[in-house]
Amino acid sequence: MKKLFTFSMLTVFTFSFGQKLFIVKSDEKFGIINESGVEVIPPKYNAINEFDEMHANWAKVELENLYGFVDKSGKIVVEPKYQTIENYNEYNEGWAMVVKDGKYGFINEAGKEIVPPTFDKIGRFGEYAKEWILVESQGLKGFIDREGNTVVPVKYVEVSKFDDVRKNWALVKSRKEKLGFIDKTGKEVIPVIYDNIEAFVKNKKKTTEVATAD
């Protein structure tokens, strides 16, 4: 049996029984033992963070440059498969952004993928709509909501801010360079079929709106 050398006598946490755990290091790998010297987590990780630092009762671990979480019993609750795991609650309550194979998504507090990491870019809630976040994949854009549901399909090459042209509407452009509008329910209120759409113009004598389609 390999001899374990304590990397740090840093107390990771204390059981209700008063038992403490310690991070240990052996052959450049990290694990956790209890104060009786029993391995709770074998020294197999490249790094182990403190418990409760990012999530209650969990510790972030690194294995061959990929990250996941273990709980205080040593059970893997999130497989070390992500290139990055950001802090919880930075984007949405109970969500943590993850990156896998260069793609972005989110896991929830149970460690499940609430938004699979399939997007090239992800914005922030409130940038376009309070309850929506802009996502992008292969140059196309759409929106998801705070439940992780797709509310606007990822199919537009451009999406303007709501209210820029008309209140509660956003101008969108398709891959065919056609223009239209979506509203704040995600519905296409003006079909995306026009080559050009000019803003409403008001003056003393008239109000005009110009739209041109093939």
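**Surface, strands and confidence**

Tutor: The accessible surface of the protein comes to about 12300 Å², and 47% of that belongs to carbon and sulfur atoms. Such areas come from the Shrake-Rupley method with a 1.4 Å probe, and for residues only the protein chains shown count as cover. This is a predicted model, where local features need pLDDT of at least 70, side-chain atom pairs count only at pLDDT 80 or more, and totals for chains, interfaces and linings use all residues. Residues are numbered from 1 along each chain as its sequence is written, and side-chain values use heavy atoms, with hydrogens and water left out.

Student: What is the mean pLDDT of the protein?

Tutor: The mean is 87, and 84% of the residues reach 70 or more. pLDDT is the predictor's confidence in each residue, from 0 to 100. Over residues 204–210 the value is below 50, and this stretch has 11 contacts in the model beyond near neighbours in sequence. Residues 1–17 also stay under 50. Where pLDDT is low, the predicted coordinates should not be read in detail. A contact means heavy atoms within 4.5 Å.

Student: OK. How many helices and strands are there?

Tutor: The protein has zero helices and 23 strands. Both are DSSP runs numbered from the N terminus: helices are H or I with at least four residues, strands are E with at least two.

Student: How many bridges join S6 to S7?

Tutor: Six bridges join strand S6 (residues 58–63) to S7, and Glu62 has Tyr67 in S7 as its bridge partner. Between S7 (residues 66–71) and S8 (residues 76–82) there are three bridges; there, Val70 is partnered by Ile76 in S8. The hairpin of S7 and S8 has four residues between the strands, and Gly74 takes a positive phi near 95°.

Student: And the sheet with S13 in it, which strands are its edges?

Tutor: S13 (121–122) and S16 are the edge strands, each pairing on one side only. The order of that open sheet is S13-S14-S15-S16, again four strands with antiparallel pairing. Six bridges join S14 to S15, with Glu136 opposite Lys141 in S15. Three bridges join S15 (residues 140–145) to S16, and Ile144 stands opposite Thr150. S15 and S16 form a hairpin with four residues between them, where Gly148 in the turn has a positive phi of about 90°.

Student: Switching topic. What is in the largest nonpolar core?

Tutor: That core has 13 residues, and those with the most contacts inside it are Phe143, Tyr156, Val159, Phe162 and Ile182. Strands S14 (132–137), S16 (150–156) and S18 (169–173) each give two or more residues to it. A nonpolar core here is a set of buried Ala, Val, Leu, Ile, Met, Phe, Trp, Tyr and Cys residues joined through side-chain atoms within 4.5 Å. Buried means under 20% relative accessible area, exposed over 50%, and partly exposed in between (1.4 Å probe, protein chains only).

Student: What does Ile182 touch?

Tutor: Leaving out residues up to four places away in sequence, its contacts include Phe143, Tyr156, Phe162 and Trp169.

Student: Is Val98 buried or exposed?

Tutor: Val98 counts as buried because its relative accessibility is 0%. The residue is in strand S10 (residues 96–100). Val98 and Tyr82 are 16 residues apart in sequence and 6.3 Å apart in space, C-alpha to C-alpha.

Student: Last one. How many salt bridges does a search of the whole structure find?

Tutor: The search finds 10. A salt bridge is a side-chain nitrogen of Lys or Arg within 4 Å of a carboxyl oxygen of Asp or Glu. One of them joins Arg146 and Glu131 (2.9 Å, N to O). Arg146 is in the loop between S15 and S16, and Glu131 in the loop between S13 and S14.

Student: Where do Lys178 and Asp195 lie?

Tutor: Lys178 is in the loop between S18 and strand S19 (179–183), while Asp195 is in strand S20 (residues 188–197), so the pair ties together parts 17 residues apart in sequence. Their closest N and O atoms are 2.5 Å apart in a salt bridge.

Definitions and conventions: Pairing = 2+ DSSP bridges.
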